[in-house]
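How does a protein model hold a ligand, and what surrounds that ligand? The paragraphs below take up these topics in turn.

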Amino acid sequence: MKWNYRCPVCGKEYEIEGGRYLCDPCSAGNLPGHPLRGVLECVWTGEVPFEKDGRTIPLPVASGFFPPIPVGDTPLWAPARLREELGFPRLFLKDDTCNPSGSFKDRASYLVAAFAKERGIGEIALASTGNAASSMAAVGAAAGLKITVFLPAAAPAAKRIQVLQYGAELREIRGSYDLAFDTSLEYSAETGVLSRNTAYNPLTIEGKKTASFEIAAALRSLGGASAPDHVFVPTGDGVILAGVYRGFEDLIKLGALEKMPTVWAAQAEGSGAIARALARDASAADPFSPVVPATTTADSISVDAPRNGYYALEKLRKYGGKAVTVSDEEIFAAQRLVSSRSGLFAEPSSACAFAGFLKVRAQLDPASTVVVMLTGSGLKDIKNAARAVGAEV
Ligand SMILES: *Cc1c(COP(=O)(O)O)cnc(C)c1O
């Protein structure tokens, strides 16, 4: 078994090593504050460890280096009341709120931390809207790594407090996530510290693919096909979306999935760059230009320039993926609906995926298998959740 990084655009391959992030020729024209060109993906040749139960997943770091913290292996809910009310008897909720730090981001942090342990790297830096920071801080605490996070001062309090509780170094940025992203890259370039910036570090995509393996395994264990028909993914930078695709691609390569599901990028209207790009003509010179400042209150999916935009768009185009945008009102209505009918309280970004499903469900076959990814705990943003139920905090 041999692992490499590969550029999906030009096909150039690179060794997987600490200082390697983007494809050199393809990233040469990258500008601050724009989506990244030259994002790399992990590829393998030869035999890889794999079991159909969703627990043994091919990854580019040996299993002995993963820190002692229970990331992933999250439940797939069968929400009976929502199924009945909406008329979708095969609706499922993938509950990533129960990861150690309360979000899907732990999947990426887990692989990046394992890589650092394998290579003897002691410090990791990253920019975040909140969840990536609290996640890397949690996993770093278990692994014994120094974590430095660049966080916009406006991040929800719970996420900031998590970072401090887990003992990471917090650098507050007076400005947007996009500014935090570029400041964090400068820090890594100056100090040589490993960057976990989303999309920039290819392991952030690779780490997130594990959710697809778990979904396929859970559906298989219920009998019938392993592939869902539709998967709704809350989308900001487009790294969860890409990771979900990578997982399904691997499963197809391994002969363990019947077909590529239809993946839906669910975005807030106020942060819908990937949906806008997908709607544009494929021949547009730059589908992400101009960059539009984000306005949604769903902080985890609020990005001006989706860092993984080009890569995510490529996957959506290749596999006939779709996009749906919803208003903030629809997000908060969906959050309440899921909470009050299933008992799963998810943060606004995750509710966006459910709101996207609600919006397009009339187009879907009610007999289809639908998985909605609920990526973050509702307890992470109490202020907005309170407003949605007319309460104060
Ligand atoms: C980061 C995040 C997202 C969006 O993921 P992207 O990779 O930025 O598209 C969705 N939900 C939650 C809870 C997140 O933390």
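This is a predicted model: local features need pLDDT of at least 70, side-chain atom pairs count only at pLDDT 80 or more; totals for chains, interfaces and linings use all residues.

A polar contact is a pair of N or O atoms within 3.5 Å. An oxygen atom of the ligand is found 2.9 Å from a polar backbone atom of valine 239. For glycine 238, a polar backbone atom is 2.8 Å from an oxygen atom of the ligand. In lysine 105 it is the side chain that takes part: one of its N or O atoms is 2.7 Å from a ligand oxygen atom. Of the accessible area of 380 Å² that the ligand has on its own, the protein covers 98%.

The surroundings of the ligand may be considered next. The ligand has 16 residues around it, and those that come nearest are Lys105, Asn131, Gly236, Gly238 and Thr375. Sorted by class, this shell consists of four nonpolar, eight polar and four charged residues.

Attention now turns to the space itself. Rolling a probe the size of a water molecule over the atoms shows where empty space is left. The count comes to one cavity of 30 Å³ or more. The largest cavity contains about 270 Å³ of space. Its lining is made up of 25 residues, of which Lys105, Lys208, Asp237, Ile240 and Ser300 are the closest to its centre. The ligand takes up the space of this largest cavity.

Which helix gives the most to the lining of the largest cavity? Helix 4 (131-143) and helix 9 (239-253) each supply at least two residues, and helix 9 gives the most, with three residues. By class, the lining has nine nonpolar, twelve polar and four charged residues.

Note on methods. Residues are numbered from 1 along each chain as its sequence is written. Side-chain values use heavy atoms; hydrogens and water are left out. A residue is near a molecule or strand if one of its heavy atoms lies within 4 Å of it. A polar contact is a pair of N or O atoms within 3.5 Å; within protein, one must be able to donate a hydrogen and the other to accept it, and residues adjacent in sequence count only if both atoms are side-chain atoms. Accessible areas come from the Shrake-Rupley method with a 1.4 Å probe; for residues, only the protein chains shown count as cover. On a 1 Å grid over the protein atoms alone, a cavity is a set of points where a 1.4 Å probe fits but cannot get out, and a pocket is an open set with protein on both sides within 12 Å along at least five of seven lines; lining residues have an atom within 4 Å of a point. A molecule sits in a cavity or pocket if more than half of its atoms lie within 2 Å of its grid points. Ala, Val, Leu, Ile, Met, Phe, Trp, Tyr, Cys and Pro count as nonpolar, Asp, Glu, Lys and Arg as charged, and the others, Gly among them, as polar. Grid points are joined across faces, edges and corners, and a volume is the space filled by probe spheres set on the points. Helices (H or I, at least four residues) and strands (E, at least two) are DSSP runs, numbered from the N terminus.
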